[in-house]
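Here is a friendly walk through one protein model, with an eye on its ligand site, its metal site and a stretch of sheet. Have a look at the structure first, and then read on.

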Amino acid sequence: MPGEPALRAIMRRLRVIMAEPGDGQERLNKIVRQVAGLMVAEVCSIYLKRQDSMLELFATEGLNIEAVHQTRLNRGEGLVGRCAELAAPVNVPEVRDHPAFSYRPETGEEAYHSLLAVPILRAGALLGVIVVQNQTRREYTDEDVEVLQTTAMVVAEHLVSGDVAGAIGDGTGERASTTLMQGEAISDGIALGHAVFHQPRVVVSELLAVDPVAEAARLERAVSALRNAIDTMLESDTMSRAGAHRDVLEAYRMFAYDRGWLRRMQEAVEEGLTAEAAVERVQNTTRARMLRQSDRFWHHRLRDLDDLADRLMRILSGKTQAAFEDMELPSDTILVARNMGPAELLDYDRSKLRAVVVEDAGAQSHVAIVAKALGLAAVGQIPGLIERVAAGDAVIVDGETGEVHLRPSPDIVAAYSDKVRLRARRQEKYRELRTEPARTKDGETITLLLNAGLIVDMPNLSETGADGIGLFRTELHFMIASTFPRVNQQTDFYRQVIEQADDKPVVFRVLDIGGDKALPYMRQPVEDNPALGWRAVRLALDRPGLFRLQVRALLRASVGRELRLMIPMITSVEEFRSAKTLIEREQALAVARGESIPDRVLVGAMIEVPSILFVLDELLLETDFISVGSNDLLQYFFAADRANPLVSGRYDPLSVPALRALRMISEAAARHAVPLTLCGEIGGGPIAAMALIGLGYRAISMAPAAIGPVKAMLLGLDTAAVSALMTDCLSQNSAVDVRAELRKFSAEHDIEI
Ligand code: PEP
Ligand code: MG
């Protein structure tokens, strides 16, 4: 079939059909007839979605006419149902070979071998499916897909006008039925609310251009504005130093300048589409083509292209960022984004936000960090999210399991409402514990500290009743900045932290950057194993400029007080000594300059690399305190990447070898009477915290949400009894299930876990 003329011809004929008088059904009948003829297909049918979510045959050329309004398919049933389910084209040269094939005798479709189905979509909502079938085996081309997609867009518009009896009348749609999407839980919490796009998608309302020449000029202007914006972004001062990040942006620029992309959009405009409709159609076709590739490289590129198309659409519609900023947020906003840059979440009014769902974000992403700090439920890693959600959709976000329910049915809403109520009741109980001293049943005081990293974390101190900040991750401030924070800015920031902590102690962990914690504005080498690479103290010692500026700012912010500094990733005593020398040099310099300095500076080491376990006695002679970073310690100990879900769950932090290592540390600290804290994630679980107390730990630093549950646990705990249990468990062979023993122990002693 000559593709190019067919595209043009379909546009012309669709235009005529839409202009002719007649009711909705008549128009659908004409459309299927024209498409079948033009695509040289024996069959063309349109299935539309009914109120009950079934797909009903609404018009056909080639199938038994009696089947119209009789044949109904469930979503997911047969190849048509599969197209609806995937919301993507289904192109099958031999239907009988396809596992999803299902045959409906009343339609008389047994004679047909090949099938091409494309979804009829509007703003992410499925309205129906349009299908062509052929008697002979046929490989439908990309151009065939384009013809059908163009028709689907026109049909969607036609439905919006609302004159197709029995179909989804208002066109914006009975939304697709409940959809459950599984992602990765990146910030704890459960929320029910309504979807708001972080960068709202533009819905194409005018498909057919009145003046194709003017339309072509609009497209050209918009593309050139897009290219200029990207060039400016890349040439800006900060981006020119962006290192590996810059390569990604260069690839993005390459796509923006891609001649094939522009040509395809221009052709669509020449055929009679508006510029917006052309962008959408080319994007739909490209998406379908790229999703057929199994190589993940193309899936990543697809994100770039989707993002470019979104930007172009916003330029065409005049809906730039500034216009979105004035947007009125509903009070139960669930923010939906393809991806989110550093600090963008902080621009929203927290009181309106319930949760965030981000297609591309992982647990270590900036948005995850900020969501945690704000106490917002968040789920990431959901491919296809943006295509499935429409603004205003009801959404449930489960930050415990990583599930996202779109348009939930009433029973799911009821189940989750109960879950939310239960959580709220528990939170209320924990709030009441806030002022209770964290003292065990046998009178041992346990210091409960918070992990923090942003100013928004600070109110958590008074809200949880924690004793101080056991880990302030200073790199977060750097990671969400767009340029390197200057010394004065850093000093102001640390001063605010100290002031907001009131008189509670704050342990500042100096920059733990490098490796996978990249700063977008800092050039760094690309490493094969970033977690084992040039990061944290290694970078500080090799390039001391950055480290010394940070220490200078921290010294200035702590004048007249005690400053606690903690060095990450210490692998040898010598490394700790070198870092300490740099700090002392900065202090001496301040004195020489006549500046005031802190009353006292305490320097501690993080215990997070196994090699340091075997020289603890030497290290402890030189440190003022130590803190176990169990996240890293366990990943290096078990050789299992903490960020890789395939391996991160393979080991149990409460297994015998891990607990023996943790005991080694607490025994060494006790021998030297050096204060010891643990600040990794494991300290936030009541069972693990119980084990730690049994191993001699008396200070634990954790996420704000963990303080209540851990305190509730320790109020009923007898430290002597749990120590005896741990001694017993660790003297057995490694098959002992310590977790099960701890559970049994807590049940027997009525301890809340
Ligand atoms: C750790 O490794 O346990 C730790 C607290 O540091 P981070 O999670 O920031 O690496
Ligand atoms: Mg660490």
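Glu608 is buried, and so is Asp632; buried here means under 20% relative accessible area, with exposed over 50% and partly exposed in between (1.4 Å probe, protein chains only). Before going further, some bookkeeping: this is a predicted model, in which local features need pLDDT of at least 70, side-chain atom pairs count only at pLDDT 80 or more, and totals for chains, interfaces and linings use all residues. Residues are numbered from 1 along each chain as its sequence is written, chains are lettered from A and ligands numbered from 1 in the order in which they are written, and side-chain values use heavy atoms, leaving out hydrogens and water.

**The metal site**

Glu608 (OE) and Asp632 (OD) coordinate the magnesium ion, ligand 2, at 2.0 to 2.3 Å. Donors are N, O and S atoms within 2.8 Å of the metal (3.2 Å for Na, K and Ca), and water is not among the atoms, so sites may look incomplete. The pair links distant parts of the chain, 24 residues apart: Glu608 sits in the loop between strand S19 (600-607) and helix H20 (616-619), while Asp632 belongs to helix H21. Helices (H or I, at least four residues) and strands (E, at least two) are DSSP runs, numbered from the N terminus.

**Around ligand 1**

Asp632 also has a backbone N or O atom 3.0 Å from an oxygen atom of ligand 1. The table lists polar contacts, pairs of N or O atoms within 3.5 Å.

| Residue | Protein atom | Distance to an oxygen atom of ligand 1 |
|---|---|---|
| Arg509 | polar side-chain atom | 2.7 Å |
| Asp632 | backbone N or O atom | 3.0 Å |
| Gly629 | polar backbone atom | 3.4 Å |

Taken alone, ligand 1 exposes 280 Å², and the protein buries 99% of that (Shrake-Rupley method with a 1.4 Å probe). Strand S16 (469-473) and helix H21 (630-637) are the elements that give two or more residues to the shell, and H21 gives the most, with three.

**A stretch of sheet**

Technical notes. A polar contact is a pair of N or O atoms within 3.5 Å; within protein, one must be able to donate a hydrogen and the other to accept it, and residues adjacent in sequence count only if both atoms are side-chain atoms.
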